Amino acid sequence: MTVTAGILGATGAVGQRLIQLLEPHPDFELAALTASNASAGHPYRDVAKWRIDAPIPESVAETTVRRTEPDAVPDDIDLLFSSLPSSVGERVEPAFCEAGYVVSSNSSNHRTAPDVPLTIPEVNPDHLGVLEVQQDERGWDGALVKNPNCSTITMVPTLAALDSFGLERVTVSTLQAVSGAGYSGVSSMEIIDNAIPHIGGEERKMEQEACKLLGTFDGAEIDWHGVDVAASCNRIPTLDGHLENVWADTRESITPADARAAMQSYSSIDLYSSPDPLIHVFDDEPDRPQPRLDRLRGDGMAVTAGGFQETTDGVQYNCLAHNTIRGAAGASVLNGELLHKQGWL
Ligand code: NAP
């Protein structure tokens, strides 16, 4: 069955990546694009500041952009992908769910709500089961599923791989690309020849979302993992790809070789957009991963890890993922594939 899909916030940095991934997708057919009222009513080509290094697909270039309200979107859409600013998503996404739409969203609103699944399909696909609780409690015919923040999604698959050693404490310092802030996020005057040691709210997101993602679902509730996560987030002048330095302390002893083996064999899932392997591990090159060289591994959906070293209580390593593909649009598409596979559409 082909899934009829729409994109809320289709003109933005993540919305454009969604178009790039959905337009050739074998299971999804794009049928509606929305943005702010300023863009609504105009052809997509005229209002999207297209920055992807491939042309705007012809099938969407002349599509008229719609308002982002349930009454402006066709009733027969099976799945909406949302890449709205969180302040907009906070208000609008529940309205779509109430109107019966299933929404796979990137925005940070609702990510830590107990009845909203926050999923990385290769890590915690079973958490989708909490949708039954969500629909019961909220009286929605639709449903809301979230993917995590781009910096969280970069490190969590590697942490999930190490959890068999008893993850106790994680310290992470990030070097995040400018595309993570969207078009209007960081001015060139601020970021060229510079690094900014502050990304508002990002540290708390990494600390909370990691615990929810690594938690367990008992059929009724998601029990958050007890790992103690401390994050420090920095913006640097790369275009795409978040690099992170991670220190993982474990209850059981672990060597760099153990950590590499655990990540290399960490399971994947049989979904169209899931790469195999999920985590690409560098054995012998201590200066990898690097954003420019490694962000497009697995078509931008793989996580890469390297630079493993022993520490007093565990291991230190570096990991990287493409922030607008694996960290945003690709993550939402993967959640859409999981919703489809599990029969939620
Ligand atoms: P962006 O480039 O600023 O795009 C925002 C989109 O939302 C545009 O389509 C914009 O339409 C639309 N929009 C803005 N205000 C609106 C309103 N009042 N009503 C309806 N639509 C409105 O932002 P982005 O970087 O794509 O990020 C989108 C979301 O994904 C954010 O919540 C962000 O935190 C999250 N996210 C981003 C990344 C990343 O790497 N960039 C990673 C993970 C998560 P107009 O063009 O008409 O203004």
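Me: Let's take a polar contact as a pair of N or O atoms within 3.5 Å; within protein, one must be able to donate a hydrogen and the other to accept it, and residues adjacent in sequence count only if both atoms are side-chain atoms. How far is a ligand oxygen from the side chain of serine 39?

Reply: This is a predicted model, in which local features need pLDDT of at least 70 and side-chain atom pairs 80 or more, while totals for chains, interfaces and linings use all residues. An oxygen atom of the ligand lies 2.5 Å from an N or O atom in the side chain of serine 39, and for the side chain of serine 36 the corresponding distance from a ligand oxygen is 2.6 Å.

Me: Which residues come nearest the ligand?

Reply: Thr11, Val14, Ser36, Ser39 and Leu84, out of 26 residues around the ligand (a heavy atom within 4 Å).

Me: Switching to pockets, how much space is in the largest one?

Reply: About 1200 Å³, where a volume is the space filled by probe spheres set on grid points joined across faces, edges and corners. A pocket is an open set of points on a 1 Å grid over the protein atoms alone where a 1.4 Å probe fits, with protein on both sides within 12 Å along at least five of seven lines, and lining residues have an atom within 4 Å of a point.

Me: What lines the largest pocket?

Reply: There are 50 lining residues, and Ser83, Leu84, Pro85, Ala181 and Gly182 lie nearest the centre. Domain 1 (3–149 + 328–341) and domain 2 (150–322) each give at least three residues to this lining, the bounds coming from an automatic or database domain assignment.

Me: What about the second largest pocket, how big is its volume?

Reply: About 480 Å³. It is lined by 22 residues, with Gln20, Leu21, Leu296, Asp299 and Ile325 closest to its centre, and domain 1 and domain 2 again supply at least three residues each.

Notes:
Residues numbered from 1 in each chain as written. Heavy atoms only, no water.
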